[in-house]
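Colleague: Can you walk me through the pockets and the ligand site in this one? Keep it short.

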Amino acid sequence: MTFQLRVYVPDHPLVKHWLAVARDVNTPSVLFKTAMTELGRWLTYEATRYWFPTFETTVKTPLAPCPATLINPEIPIAIIPILRAGLALLDGAQTLLPLASTYHLGLVRNEETLKASCYLNKLPEQFKPETQIIVLEPMLATGGSIMTAMAEITKRGGDPALMRIISIVAAPPALQQLSQHYPSLTIYTAIIDEGINDQGYIVPGLGDAGDRAFGT
Ligand code: URA
């Protein structure tokens, strides 16, 4: 079977609204953080819409038995925020998935070479084969960070076909690399921008997501 990377840009007023707030240079850090939380929430909502494992059962209301659909508790769910900026999406994702395990992955990019290196890795040694994984990485720019993260996750048994990447702004260089190396992957993003500048920032983008979320 041949796969092709799927990139969804949900056409939702709340996604558009919070993206506009996040993009605006005049948005203060505290409101930027709110925008990221909301985007994390709504994009996770969209990402789980057709993907989550459910099972059919019956429940009894106070009046009568009726058919019901529940989330299958036997399928592990993992959220992986890519630090720092991915942390800003975590609250929104966790409110929808309170039972998910959260595994932090800290990456820093060298501002000259734009290469990412890992300074914190709390991934499990091995993911269970059926684990559904949500990766939180707000800016898919050069692809350096997400490709490093994908290598760490797949090395531990994470299956790209069972993964969803939640991003806020995605740019062609990262999407091209992901498409080439992980064609079975699915991405949910608030927008796809035209490109990146010489410093590796997405244009128009929203600036440095980590600095703006944490007021640094
Ligand atoms: N990381 C950011 O925070 N912003 C960009 O535009 C690119 C990478």
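**Pockets and ligand**

Modeller: The largest pocket has a volume of about 540 Å³. A pocket is an open set of points on a 1 Å grid over the protein atoms alone, where a 1.4 Å probe fits, with protein on both sides within 12 Å along at least five of seven lines. Volume is the space filled by probe spheres set on the points, which are joined across faces, edges and corners. This is a predicted model: local features need pLDDT of at least 70, side-chain atom pairs count only at pLDDT 80 or more, and totals for chains, interfaces and linings use all residues. Residues are numbered from 1 along each chain as its sequence is written, and side-chain values use heavy atoms, leaving out hydrogens and water.

Colleague: How many residues line the largest pocket, and which lie nearest its centre?

Modeller: The lining has 26 residues, with Ala 85, Leu 107, Arg 109, Ser 145 and Asp 208 nearest the centre. Lining residues have an atom within 4 Å of a point. Strand 4 (77-83), strand 6 (105-109), strand 9 (139-140), helix 4 (144-155) and helix 6 (209-214) each give two or more residues to that lining. Helices (H or I, at least four residues) and strands (E, at least two) are DSSP runs, numbered from the N terminus.

Colleague: And by class?

Modeller: The lining of the largest pocket splits into 13 nonpolar, eight polar and five charged residues.

Colleague: Where does the ligand sit?

Modeller: The ligand takes up the space of the largest pocket. That call needs more than half of its atoms within 2 Å of the grid points.

Colleague: Which residues surround the ligand?

Modeller: Arg 109, Met 139, Ala 141, Gly 200, Tyr 201, Ile 202, Gly 207, Asp 208 and Ala 209. Each has a heavy atom within 4 Å of the ligand.

Colleague: Switching topic. Where are the cis peptide bonds?

Modeller: One joins Leu 83 and Arg 84, with omega about 0°. Arg 84 is in the loop between strand 4 and helix 3 (87-96). Another runs from Val 203 to Pro 204, omega near 0°. Pro 204 lies in the loop between strand 13 (202-203) and helix 6.

Key
Ala, Val, Leu, Ile, Met, Phe, Trp, Tyr, Cys and Pro count as nonpolar, Asp, Glu, Lys and Arg as charged, and the others, Gly among them, as polar.
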